[in-house]
Amino acid sequence: MANKVKAVLIGGTGYGGSEILRRLLFHPHVEVVRITSVDNVGKKVGDVHFNLAGLTELTFQEMPAAQAVAGADVAFLAMPHKTTAKVVLDIINSGVRIVDLSGDFRLRDAAAYAKYYGVEHPAPQMLTDGAFTYGMPELNREAIRKARYIASPGCFATTIALGLMPLARAGLLSGPVHTVAATGSSGSGANPQITTHHPLRASNLRTYKPLEHQHIPEILQSLRIAGAHPETSLEFVPVSAPLPRGIFATSFAEVPASTTQEQLTAAWKSAYGNEPFIRVISGGRQPEVIGVAGSNYVEVGFTLGPVTGATRRVVCFSALDNLVKGGAGQSIQSFNIMMGFDERLTLAEPGLWP
């Protein structure tokens, strides 16, 4: 164990924390040395996350963040937005590397943070200075290699941005984009709520935060970095779906009438041909959640519509697991890159079928 990276998980009792542990406990270069939480204190990991029973003797501990990271090399933060920023300020000078799964350091615009998260950021200069590197490997791999602090992307943000990124990189994303995306109940967290209560969720579809979801500025930020026109806008309607895991996004964009199927096929191949976790779906099938649930893989695809005046519509589809590529898995992928490991470590296995 002496040469392994010592990892601490702060906020380990949620679904995201469980997914991080499911993978880090088997990581050949990592030793998980401490897990903190504010609930289930003193319980063994397997008494809270039943799938991990017998795999570790670690227990959940309650302690100040600065104490929790003592002697550690990296801290994974799996806590709610607004809470995490304060914890980061407590440990930022400790020398520990940080992988943050919350939304507190993803944006570069402090005003957008205040608008969409409903509070002023406690350290706005850290946003504008880019203290944290945005941890989407398909967008930002080289910067992640040099990073010490990673802001891991949101689940909707990852799904929608990866669905549209080939258009942005090809210089074809310039107008308003309209997206509807359905998500599984695990995205609402481990604590039951009326919107995740099984009798109400299992036979229901409902929207929430239409046109004002906090991932909107994050998605636009990523697409503009990828090459979208600065005036690109997004109207996004999220849907709560009756499945535990997964996100399926459908995005509508307009491209010039001269755009061809061959041109778009080349754009998707150029964007993702060498990406280990992106599958470009073709041959009559479109992306599906069942193909990626439980895994770090993403399915993407598109349909090109007929010419209508000066434009044609492109419908972009994308699907992933909200807890893995949309959360814990992507954070570990970025951690692997940051540490110089193979980015596929503990992430390469496929999901279950069916």
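1. Leaving aside its neighbours within four places in sequence, which residues is aspartate 321 in contact with? They are Arg245, Gly246, Val292, Ala293, Gly294, Ser295 and Gly326, where contact means heavy atoms within 4.5 Å.

2. A word on the ground rules. This is a predicted model, in which local features need pLDDT of at least 70 and side-chain atom pairs count only at pLDDT 80 or more, while totals for chains, interfaces and linings use all residues. Residues are numbered from 1 along each chain as its sequence is written, and side-chain values use heavy atoms, with hydrogens and water left out.

3. Let us start with the annotation. An unreviewed UniProt entry assigns residues 6–147 to "domain: Semialdehyde dehydrogenase NAD-binding"; UniProt positions are given in the numbering used here, feature names are shortened, and such annotations may be inferred rather than shown by experiment. In the model this span is 35% helix and 17% strand, and its end C-alpha atoms lie 17 Å apart. Helices (H or I, at least four residues) and strands (E, at least two) are DSSP runs, numbered from the N terminus.

4. Next, the sheet. Seven strands, in the order S3-S2-S1-S4-S5-S7-S6, form an open sheet with parallel pairing. Its edge strands, S3 (60–61) and S6 (133–134), each pair on one side only. Two strands count as paired if DSSP finds at least two bridges between them.

5. Two of the pairings can be followed residue by residue. Strand S1 (residues 5–10) is mostly covered, with 5 of its 6 residues buried; buried means under 20% relative accessible area, exposed over 50%, and partly exposed in between (1.4 Å probe, protein chains only). S1 runs parallel to S2 and is joined to S2 by 6 bridges, with leucine 9 opposite isoleucine 35 of S2. Strands S4 (residues 74–77) and S5 (residues 97–100) also run parallel, through 4 bridges, and phenylalanine 76 has valine 99 in S5 as its bridge partner.

6. Now the charged pairs. The whole structure holds 15 salt bridges, each a side-chain nitrogen of Lys or Arg within 4 Å of a carboxyl oxygen of Asp or Glu. One of them pairs glutamate 57 with lysine 44, the closest N and O atoms being 2.9 Å apart. Glutamate 57 lies in the loop between helix H2 (45–48) and S3, and lysine 44 in the loop between strand S2 (30–36) and H2, so the pair ties together parts that are 13 residues apart in sequence. Glutamate 57 is exposed at 57% relative accessible area, whereas lysine 44 is partly exposed at 37%.

7. Glutamate 142 and arginine 145 both belong to helix H7 (residues 137–145), 3 residues apart, about one turn of the helix. Their salt bridge has its closest N and O atoms 3.1 Å apart. Glutamate 142 is partly exposed, with a relative accessible area of 49%, and arginine 145 is partly exposed at 42%.

8. Glutamate 254 and arginine 313 meet through their side chains in a salt bridge of 2.9 Å, N to O. Since glutamate 254 is in strand S11 (residues 247–256) and arginine 313 in strand S14 (residues 311–320), the pair ties together parts that are 59 residues apart in sequence. Glutamate 254 is partly exposed at 31% relative accessibility, and arginine 313 is partly exposed at 44%. Elsewhere, salt bridges that share partners join Glu19, Arg22, Arg23, Arg245, Asp321 and Glu349 into one network.

9. Aspartate 321 is buried, with a relative accessible area of 0%. Its side chain makes a polar contact of 3.0 Å with the side chain of arginine 245. A polar contact is a pair of N or O atoms within 3.5 Å; within protein, one must be able to donate a hydrogen and the other to accept it, and residues adjacent in sequence count only if both atoms are side-chain atoms.

10. Finally, the cysteines. Taking a disulfide as a pair of cysteine sulfur atoms within 2.5 Å, the count is 0. Cysteine 155 is buried at 18% relative accessible area, and cysteine 316 is buried at 1%.
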